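Subject: Structure for your files

Hello,

Here is the structure I said I would pass on. My notes on it follow below.

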Amino acid sequence: MNSSMNILFIGDIIGVPGMELVTNLFKGIIEKHKIDFVIANGENAADGKGIEENQAKQLFDLGVHVITGGNHTFDRWDMKKVYSSFKNLLRPLNFPQGTAGFGYTIYELASGVKIGVINLQGRTFMQPIEDPFRTADWALGKINEQTKISFVDFHAEATAEKMALGWYLDGKASVVVGTHTHTPTADARILPRGTGYITDVGMTGPYDSVLGMKKELAIKRFLTQTPHKYETASNDVRLCGVIAEVEVETGKCVRFEQLIFPKF
Ligand SMILES: [Fe+2]
Ligand SMILES: [Fe+2]
């Protein structure tokens, strides 16, 4: 292993179209960008609502090392057992104590290099859960006993909350990415103390949609102010991710790039 490693993060994978695109592009991206480690957000992999065992297995088989989640994680009731039996299938760590599954993991590659991955969820305009800031401190303490390399998926609605966590963890985490809003932001950068940061990676799914949902249904929701059944859209499918180069010794991010394919 060189003194640095390349980590690929794939934004919220939406249903069958997202899964298919990831499957088709995966090998090419890994080879082209010399990727050592892959994290993917899978909270929408099962037709937009949560993830099932078969999608989790499909992603792990493909070469994804860690899958993160979010507010849709537990949309599938029967997933609680699955979450507790896969230690690299994460749900946000700051859910209340006693929630099924794991919120962070330390993955050891064959080379002996370890990467800590933390999944957190925001509290602004979302359900009230534990403090993601102090929870991040706690998990980073655990991870730093074993490795300097740490990656945070902060699944949150509010830009301000995401940015605040990015600054709060600057120099403490290698990378902080935002997920959940399904729309990539143009602020990928390395903060002054060496943390790669982006407010939202964007979704890997159909952009001929409203955040992955058939646009006609989404418009109806707003016109009538009543709920409509979610249906995943299918056209204009893009993969949105980031690639972070992180120094193994220091855990600092030295290169941080957005990956959108095909480009808008
Ligand atoms: Fe999502
Ligand atoms: Fe979400």
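Two strands count as paired when DSSP finds at least two bridges between them. With that in mind, Arg-189 stands opposite Tyr-197 of strand 9. Strand 8 and strand 9 (residues 196–198) run antiparallel and are joined by 2 bridges. Please note that this is a predicted model.

The sheet with strand 8

These two strands belong to an open sheet of 6 strands with mixed pairing, in the order 4-5-6-7-9-8. Its edges are strand 4 (104–108) and strand 8 (189–190), each of which pairs on one side only. Helix 4 (residues 132–144) packs on this sheet and touches strand 4, strand 5 (114–121) and strand 6 (150–155). The direction of helix 4 makes about 165° with that of strand 5. Helix 5 (residues 159–168) lies across strand 6, strand 7 (175–179) and strand 9, and runs at about 170° to strand 7.

Strand 1 and its partners

Strand 1 (residues 4–10) is mostly covered, with 5 of its 7 residues buried. It pairs with strand 11 (residues 237–247) in the antiparallel sense over 7 bridges, and Asn-6 has Glu-245 as its bridge partner there. Strand 1 also runs parallel to strand 2 (residues 37–41), to which 4 bridges join it; in that pair, Ile-7 stands opposite Phe-37. Together with helix 1 (residues 15–32), strands 1 and 2 make a right-handed β-α-β unit.

The core

Ile-7 turns up again in the largest nonpolar core, which has 61 residues. Ile-7, Val-152, Val-175 and Val-176 are the members that touch the most others. Strand 11 supplies the largest share of this core, 6 residues. Beyond its neighbours within four places in sequence, Val-152 is in contact with Ile-118, Leu-120, Ala-136, Leu-169, Ala-173, Val-175 and Val-176. In soluble globular proteins, nonpolar side chains tend to be buried together.

The whole protein

The secondary structure comes to 6 helices and 12 strands. The radius of gyration is 17 Å, close to the 18 Å that the globule rule gives for 264 residues, so the protein is as compact as a globular protein of that length. Its C-alpha trace spans about 55 × 40 × 35 Å along the principal axes. Of the 264 residues, 47% count as buried. Among contacts with a separation of 6 or more, 65% are between residues 24 or more positions apart.

Regards

How values were computed. Residues are numbered from 1 along each chain as its sequence is written. Chains are lettered from A and ligands numbered from 1 in the order in which they are written. This is a predicted model: local features need pLDDT of at least 70, side-chain atom pairs count only at pLDDT 80 or more; totals for chains, interfaces and linings use all residues. A residue is buried if 20 or more other C-beta atoms lie within 10 Å of its own, exposed if 12 or fewer, and partly exposed in between; C-beta atoms are placed from the backbone. A crossover is right-handed if, with the strands pointing away from the viewer, the path from the first strand over the helix to the second runs clockwise. A nonpolar core is a set of buried Ala, Val, Leu, Ile, Met, Phe, Trp, Tyr and Cys residues joined through C-beta atoms within 7 Å. Two residues are in contact if their C-beta atoms, placed from the backbone, lie within 7 Å. Axes are lines fitted to C-alpha atoms, for helices over the stretch in contact, and angles run from 0 to 180 degrees between N-to-C directions. The radius of gyration is taken over C-alpha atoms; the globule rule is 2.2 Å times the number of residues to the power 0.38.
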